[in-house]
Amino acid sequence: MRLDSGPDLFTLRRRPVSDKLADRGFRWLTVALASLVGLVLLGILLTVMGGSRQAISAYGLAFLTTSNWDPVGDQYGALTAIYGTIVTSALSLVIAVPLGVGTAIFLTENIIPTKLRDILALMVELLAAIPSVVLGLWAIFVMEPFLRPFLSFLYTRLGWLPVFSTDPQGPGMAPAILILVVMILPIITAIARDSLLQVPPELRQAAYGIGTTRWGAILQVILPAAVSGIAGGVMLALGRAMGETMAVTMIIGNSNNFSWSLLAPGNTISSMLANQFGEADGNQVSALMYAALVLMLLTLLVNVLAQWVVRRLSLKYT
Amino acid sequence: MTSSSPTTSASSSSQSDICLSLENVGISYGTNEAVRNVFMDIPKGQVTAFIGPSGCGKSTVLRALNRMNDLIEGCTLKGRVLFHGQDLYARDVDAVEVRRRIGMVFQKPNPFPKSIYENIAFGARINGYKGDMDELVERSLRKAAIWDETKDKLKQSGCALSGGQQQRLCIARTVAIEPEVILMDEPCSALDPISTLKIEEMIHELKKSYTIVIVTHNMQQAVRVSDMTGFFNVQAKADIDGKVGCLEEFAPTEQIFNAPSQQATQDYVSGRFG
Ligand SMILES: Nc1ncnc2c1ncn2[C@@H]1O[C@H](COP(=O)(O)OP(=O)(O)OP(=O)(O)O)[C@@H](O)[C@H]1O
Ligand SMILES: [Mg+2]
């Protein structure tokens, strides 16, 4: 008897059929949901590629390197928008990452009392809740006039640099960059704060226990331990910056005349799409689709690059 | 010995042999008082063990010895902690410097997620060590009795070691900053008997050059490794609701385990506690 029943113990015979079905069903459900994400992405990519085929054959790679956007003459080049997208998102990250990570450190490393910290953290999160159209309005009516004297100063003093070579007259790339900073700062801060809080307290103790200064512990132990989480937050922020439409459209000036200058009006791919899709037809639609494809590929490229950077960074640490 | 410490009987030690001295120390977390009225003279070059029931404030007192409590918000200290006569909590004392002189090993092994070599070199480097790093790494690992197990894989992550090896790595890391005192908070609580034995042997070795304070729940361990033993206990006090930790008795280890002067100590060491 015992010999017979031994192996049978584990054959799941006793579990009710419904239980097994639920198990299997759940597995298929998760598989289906996961594939859905991939399918949606693929669908979007195919649609955009299909839509842009006409423009790709008409303008080829010159589309990427010319800045002549002329719906009347049916000539399209997206250099201005591509330059604007890259410059606004990259520079806003350059400003927002140190600020955001710095804020996150300030909010986690008992520098100020907990109560004050919680209030500050809440305020940072509220910043993320402001609708972008409101930020856009604020940028037009408050920030840009306030900034103008500083930007003019940059022009008069550093005007010999191509990036400051035009006289600021109102909307432009510089205010767009700053409004992007305001928009992505809470994302970076919130995610960096969470990653820092997840660093095990034992690691902190280890660092302080061998006589590390607060500075040394933060820079050499705590930040490296949180770097992959922080990098994830930065990627999210970059995605937001590249794709942000409303606030940028309101303050960037929507000009397709190429200029190196950050003080001049410019354009980004997203704001160009938002502005022109309504009244576009024929080749222009296809050209806009082409621009959208470029945006998608840019995002993809940046993501792959970021994965690589994160892996390098955490390799150094482990 | 201070006259205000009635239960202390290490009358042989003179002032110069005393490494750390607690004078009427009381520690609170916010409004919650953890320990009070601790008087203790920890002799230099010896092993001092803290024993006592859970929650009586052993770790709290231990952390007060190198100002690790500074990292806990709301933790305040009354009284004085003297290190060779100098008040560790005086205004102009740098807590970072204190922790470099008085190193700490924690209950849970906590190596940095770096290579074994880097785990040792990191602390030495931030402490301004200028000599031969390879030599220091080897010397520290040897002192912590883990050189033979790690010499072929110094480039591997410290977190890939077993728990007992990690703990010895952490001890090596503390040894590498060349402190005068090493504080250990239940260093063997997560370890098997063999690793425990290795660490105890190592403590015997280390006490030739360091003063060691160790918290342990293992009576046999206290007997095996320590010269002096402090028995902490929790007592209900008239002036507050809850209980508060205090130092019941502090004496040479033999005396604590064979002829304690307090009934509570007798009960605890003979297992009749509670
Ligand atoms: N970080 C902290 N915040 C608030 N209270 C604390 C903290 N750490 C300890 N305490 C309190 O201080 C008292 C003493 O704790 P402590 O950790 O020193 O005890 P212990 O003797 O080390 O106990 P164990 O043997 O279980 O480690 C306990 O009542 C505990 O609740
Ligand atoms: Mg403890």
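In this predicted model, strand 1 and strand 2 of chain B make a hairpin, with two residues lying between the strands. Within the turn, B:Gly30 adopts a positive phi of about 60°. The two strands, spanning residues 18-29 and residues 32-43 of chain B, run antiparallel and are joined by eight bridges.

Turning to the ligand, 13 residues surround ligand 1, and the closest are B:Tyr29, B:Ala34, B:Ser54, B:Ser59 and B:Thr60. Strand 2 and helix 1 (58-64) of chain B each provide at least two residues of this shell, with helix 1 of chain B giving the largest share, three residues. By residue class, the shell around ligand 1 comprises eight polar, four nonpolar and one charged.

The contact between the chains draws 17 residues from chain A and 21 residues from chain B. On the side of chain B that touches chain A, at least two residues each come from helix 2 (95-101), strand 6 (102-105), helix 3 (116-126) and helix 6 (163-176) of chain B. Helix 2 of chain B gives the most to this side, with three residues. The residues on the side of chain B that touches chain A split into nine nonpolar, six polar and six charged.

How values were computed
Residues are numbered from 1 along each chain as its sequence is written. Chains are lettered from A and ligands numbered from 1 in the order in which they are written. This is a predicted model: local features need pLDDT of at least 70, side-chain atom pairs count only at pLDDT 80 or more; totals for chains, interfaces and linings use all residues. Two residues are in contact if their C-beta atoms, placed from the backbone, lie within 7 Å. Helices (H or I, at least four residues) and strands (E, at least two) are DSSP runs, numbered from the N terminus. Ala, Val, Leu, Ile, Met, Phe, Trp, Tyr, Cys and Pro count as nonpolar, Asp, Glu, Lys and Arg as charged, and the others, Gly among them, as polar. Two strands pair if DSSP finds at least two bridges between them. A residue is near a molecule or strand if its C-beta atom, placed from the backbone, lies within 6 Å of it.
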